[in-house]
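This report describes the fold, the packing and a few single residues of one protein chain.

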Amino acid sequence: MTDKPADSTKRVLGIDFGTTRIGISLSDPLQIIASPFATYENTPGIFERIRDTATREDVGLIVVGMPLNLKGEKGKKALEVEEFMEELRAMVHLEIVHWDERFTTSIAQQTLLTMGTRREDRRTNKARVDAMAAAVMLQGYLDSHKGSL
């Protein structure tokens, strides 16, 4: 992981990697607020879709959530994320960094609950949770880099 600041005139794209779905979030142009953007099915065209989104949304940096265990160590899923990041780097010619995503799904579900989303909707609309988890992860990254982005 690098602490190199992103181009402060471009947005930051957050990715919550999943075997089935990939949650996408975007910062505002000032890189202060992260918002859920979309959820993409993890299919063979995923790298092109992310590249196209990054181009269309004027992204200067991609932050990928790294699933660390409670001790902060990488497990099997983290190795999948690292492989995904390497393939993404070959397709998208932007800086790509990883950020700890521990507890982001739980926080995303709690956020949706606080927003008044019904329990059934949170269970059945997992794509919404994935995009919200990407936003929670990206917001953590943005908050930790305030003043340096």
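A residue is called buried under 20% relative accessible area, exposed over 50% and partly exposed in between, computed with a 1.4 Å probe on protein chains only. This is a predicted model, in which local features need pLDDT of at least 70 and side-chain atom pairs count only at pLDDT 80 or more, while totals for chains, interfaces and linings use all residues. Residues are numbered from 1 along each chain as its sequence is written, and side-chain values use heavy atoms, with hydrogens and water left out.

Most residues other than glycine have a negative phi. Helices (H or I, at least four residues) and strands (E, at least two) are DSSP runs, numbered from the N terminus.

β1 and β4 pair in the parallel sense over 5 bridges. Within this region, leucine 13 stands opposite isoleucine 62 in β4.

A nonpolar core is a set of buried Ala, Val, Leu, Ile, Met, Phe, Trp, Tyr and Cys residues joined through side-chain atoms within 4.5 Å. The largest one has 23 residues, and Ile15, Ile50, Ile62, Phe84 and Leu88 have the most contacts inside it. Its largest share, 5 residues, comes from α2. Isoleucine 62 touches, among others, Leu13, Ile15, Ile50 and Leu88, not counting residues up to four places away in sequence. A second, separate core of 10 residues includes Val12, Val97, Trp99 and Leu142.

Serine 27 lies in strand β2 (residues 21–27) and is buried at 1% relative accessible area. The side chain of serine 27 reaches the backbone nitrogen of valine 12 at 2.8 Å. Leaving out residues up to four places away in sequence, serine 27 touches Arg11, Val12, Ile33, Ala34, Leu138 and Leu142.

Note on methods
Polar contact = N/O pair within 3.5 Å; in protein donor to acceptor, adjacent residues only side chain to side chain. Contact = heavy atoms within 4.5 Å. Pairing = 2+ DSSP bridges.
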